[in-house]
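This briefing covers one protein chain, shown below. The notes after it are grouped by topic.

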Amino acid sequence: KEVFVASCMTLEDHATVANMVRHPESGTVVVQMNSGELFELNDGMLEPWGNEAMRECSVFSEMLLAVFKEEMVVIGRTNDNHLFMDTRLWSYDCTSFSLHKTHLLLTSNSHTLTCVDLDQPSRVARNAEGVVDTGIRTLERGSRLVISD
């Protein structure tokens, strides 16, 4: 995948970019600063992403954009294995995750694979491990999701 830099901008308060992600279909670009703040990049300008609570989120080690309930959301995993969808905590022990057209897959320290159906949010519920899920399968210890394009 190619990235072209068309312009440069000066960031305030010595901010540095921690993450940047682009939605493949819509072209939406979200930038996360080292402070955890999220911004959408529009015509070379950074605009705050989401509501005010989103400006105080954790810095993600992995981040992607997805459509959930017909809205664009940020899904991110922190270094301490917390998985968030925007400001909502979805898992306390996510070791890896992957997004497909209609499902979010995540593995956990509990050796499980959880499949979240993004097209049927009414079926989403929290299990005993604190994971929002619609289907759980047991995995071998240390399993991770490996994706190939």
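C115 counts as partly exposed, because its relative accessibility is 25%, a value between the 20% limit for buried and the 50% limit for exposed. C94 counts as buried, because its relative accessibility is 0%. The model is a predicted one, and a search of the whole of it finds zero disulfides.

**Cysteines**

- A disulfide is a covalent bond between the sulfur atoms of two cysteines.
- C94 is buried at 0% relative accessibility, whereas C115 is partly exposed at 25%.

**Overall make-up**

- The chain has 14 strands and zero helices.
- Read from the N terminus, the order of elements is β-β-β-β-β-β-β-β-β-β-β-β-β-β.
- The chain has 149 residues, and buried residues make up 39% of them.
- Taking contacts between residues at least 6 apart in sequence, 34% join residues at least 24 apart.

**The four-stranded sheet**

- Four strands form an open sheet in the order β1-β2-β3-β4, and their pairing is antiparallel.
- β1 (17-22) and β4 (45-48) are the edge strands, each of which pairs on one side only.
- On average, neighbouring strands in this sheet are turned by 30° against each other, with direction ignored.
- β3 (residues 38-42) and β4 run antiparallel and are joined by four bridges.
- Within this pairing, F39 has P48 of β4 as its bridge partner, and L41 stands opposite L46 in β4.
- The hairpin of β3 and β4 has two residues between the strands, and D43 in this hairpin takes a positive phi near 50°.
- In a regular strand the side chains alternate between the two faces of the sheet.

**The largest nonpolar core**

- The largest nonpolar core holds 25 residues.
- V30, V74, I75, L83, F97 and L104 have the most contacts inside this core.
- At least two core residues come from each of β5 (62-68), β6 (71-77), β7 (83-85), β8 (88-91), β9 (94-99) and β10 (103-108).
- β5 contributes the most to this core, with five residues.

**V30 and L64**

- Beyond its neighbours within four places in sequence, V30 is in contact with N19, M20, V21, L38, F39, E40, W49, M63, L65 and V74.
- L64 lies in strand β5.
- L64 is classed as buried because its relative accessible area is 18%, and the limit for that class is under 20%.
- Not counting residues up to four places away in sequence, L64 touches V21, V73, V74, I75, F97 and L99.
- V21 and V74 are among the contacts listed for V30, and V21 and V74 are also among those listed for L64.
- L64 and V30 are 34 residues apart along the chain, with their C-alpha atoms separated by 8.8 Å.

**H23**

- H23 sits in the loop between β1 and β2 (29-33).
- Is H23 buried or exposed? H23 is buried, because its relative accessible area is 8%.
- Which residues does H23 contact, leaving aside neighbours within four places in sequence? The contacts are T28, L65, A66, V67 and M72.
- One of these, A66, is 43 residues from H23 in sequence, while the C-alpha to C-alpha distance between H23 and A66 is 7.2 Å.

**The salt bridge**

- Side chains of opposite charge can pair when their charged atoms come close.
- The structure holds one salt bridge, in which the side chains of E62 and R77 meet with an N to O distance of 2.8 Å.
- The pair links distant parts of the chain, with E62 in strand β5 and R77 in strand β6, 15 residues apart.
- E62 is partly exposed because its relative accessible area is 28%, whereas R77 is buried because its relative accessible area is 12%.

Technical notes
Residues numbered from 1 in each chain as written. Predicted model: local features only at pLDDT ≥ 70, side-chain atom pairs only at ≥ 80, totals over all residues. Heavy atoms only, no water. Pairing = 2+ DSSP bridges. Axes fitted to C-alpha atoms, helices over the stretch in contact; angles between N-to-C directions. Core = buried A, V, L, I, M, F, W, Y, C linked by side-chain atoms within 4.5 Å. Buried < 20%, exposed > 50% of the residue type's maximum accessible area, 1.4 Å probe, protein only. Contact = heavy atoms within 4.5 Å. Disulfide = S-S within 2.5 Å. Salt bridge = Lys/Arg side-chain N within 4 Å of Asp/Glu carboxyl O.
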